[in-house]
Amino acid sequence: MTPPFLVLGIETSCDETAAAVVRLGADGRGHVRSSVVASQVAIHAPFGGVVPEVAARAHVELVEPVARQALSEAGVSLDEIAGVAATAGPGLIGAVMVGLSFAKGLALARGLPLIAVNHLEGHAVSARLDAEVDYPFLLLLVSGGHCQLLEVAGIGACRRLGSTIDDAAGEAFDKIAKTLGLPYPGGPALERLAEGGDADRFPLPRALLGRRDCDFSFSGLKTAAARVAQGLTTDLERRDLAAAVQAAIARQLSERTARAMQVYAAQNAAQHRRFVVAGGVAANRAVRASLEAVATAHGFSFAAPALKYCTDNAAMIALAGAERLAAGLTSGLDAVARPRWPLDEAAALAAPTHVPGRKGAKA
Ligand code: KG4
Ligand code: ZN
């Protein structure tokens, strides 16, 4: 389909029920007309993490009103929508099924094309929302379930350069935050606690330093931080440990990204050097600042989504869906929900690096 057109996006892969309307312009740029996110944080907080069955049930109750709100805030009716995009994985399977089934119902009832979107592809395009970020780019995708470096040549064309061999960066933030007694979700809470802290007070391990690949590892940091946390007695000490952890995560992300920039530049000598960071952890200011410095040092431009598009949202799903619709990449109504769905399937088969984690199976 040729733009301009509007796409309705639905996201229910974890603990956020979200819907959005995005307009893809004739110039290929995505403009957000509405983006509604109903967070389930309060529902899951008493459990200290996301409970899959509870999440799925909450999505069932929320998905229709949230979709209605997205249409009304955009000031459009379903008659003006050209396609319905929904996250089809990876994520909590029951949760993914709710949004995907809802989108299938809408597509069938209105005779609209359905676009089954990989949640990670949503994060990959999120820096392009309301911003001029062109393909191709080197992407660091850092969220609660994922930590990987990818070469993104265009929609549906991602090549993995490296990924975590144990925990994701957001998972490390969340788990360490828990040992510091902070509420779920831990990342933002740890960032607040770290403010003004002395990052050098507690030395923490530096994993994979100097390795030639572009992989990550956070489990050693998690264990070391938990051990230090046990012996702490004062709030000042907790603040300094939070600062040290945040600095250690930012440092590893930056060091591994610097390595990927060398690889990327060597393989794409003639191409423009663009770097994009996306995913929930991209909302962390220390992480952003550290990555921006690395990009500058390596001659890469730096882009990150607006803070509200770093964490899970449906605008990124709508944009990925719109770009797919423009490229003729639509799905049948038999599209399946997938708990695991790597962006670069060939690389994942050749070198599987992920193990199941807190949020279920990863990509
Ligand atoms: O992208 P996202 O919303 O969900 C996934 O697809 O995983 O990312 C959520 C993750 C959580 O681990 C959360 O703690 C982390 O992103 N996060 C942060 C910050 N905001 C969210 N981590 C560190 N600092 C933040 N400000
Ligand atoms: Zn996400």
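**Rings, a zinc site and a ligand**

Let me begin with Phe-137, which is buried, as its relative accessible area is 0%; buried here means under 20% relative accessible area, exposed means over 50%, and partly exposed is whatever falls in between, with a 1.4 Å probe and protein chains only. Please keep in mind that this is a predicted model, in which local features need pLDDT of at least 70, side-chain atom pairs count only at pLDDT 80 or more, and totals for chains, interfaces and linings use all residues, while side-chain values use heavy atoms, with hydrogens and water left out. Residues are numbered from 1 along each chain as its sequence is written, and chains are lettered from A and ligands numbered from 1 in the order in which they are written.

How many aromatic pairs does the structure hold? There are four, and one of them is formed by Tyr-135 and Phe-137, a stacked pair with 5.5 Å from centre to centre and 15° between the planes. Another joins Phe-275 and Phe-302, whose ring centres are 6.2 Å apart and whose planes meet at 40°, so this pair is tilted. Phe-275 belongs to strand β9 (residues 274-278) and Phe-302 to strand β10 (residues 301-303), so the pair ties together parts that are 27 residues apart in sequence. For these terms, rings of Phe, Tyr and Trp (its six-membered ring) pair if their centres lie within 6.5 Å, and planes under 30 degrees apart count as stacked, over 60 as edge-to-face and the rest as tilted. Helices (H or I, at least four residues) and strands (E, at least two) are DSSP runs, numbered from the N terminus. Phe-275 is buried, with a relative accessible area of 0%, whereas Phe-302 is partly exposed, at 23%.

Now to the metal: which residues coordinate the zinc ion (ligand 2)? They are His-119 (NE2), His-123 (NE2) and Asp-312 (OD), at 2.0 to 2.1 Å, where donors are N, O and S atoms within 2.8 Å of the metal (3.2 Å for Na, K and Ca), and a site may look incomplete because water is not among the atoms. The angles subtended by the four donor atoms run from 95 to 137°, which makes the arrangement irregular. His-119 is buried at 4% relative accessible area, and His-123 is buried at 1%.

Ligand 1 is surrounded by 19 residues, the closest being Gly-144, Asp-174, Glu-191, Asn-284 and Asp-312, and a residue is near a molecule if one of its heavy atoms lies within 4 Å of it.

Definitions and conventions:
Four donors count as tetrahedral if all angles lie between 85 and 135 degrees; four count as square planar and six as octahedral if opposite donors are over 155 degrees apart and all others between 65 and 115; anything else is irregular.
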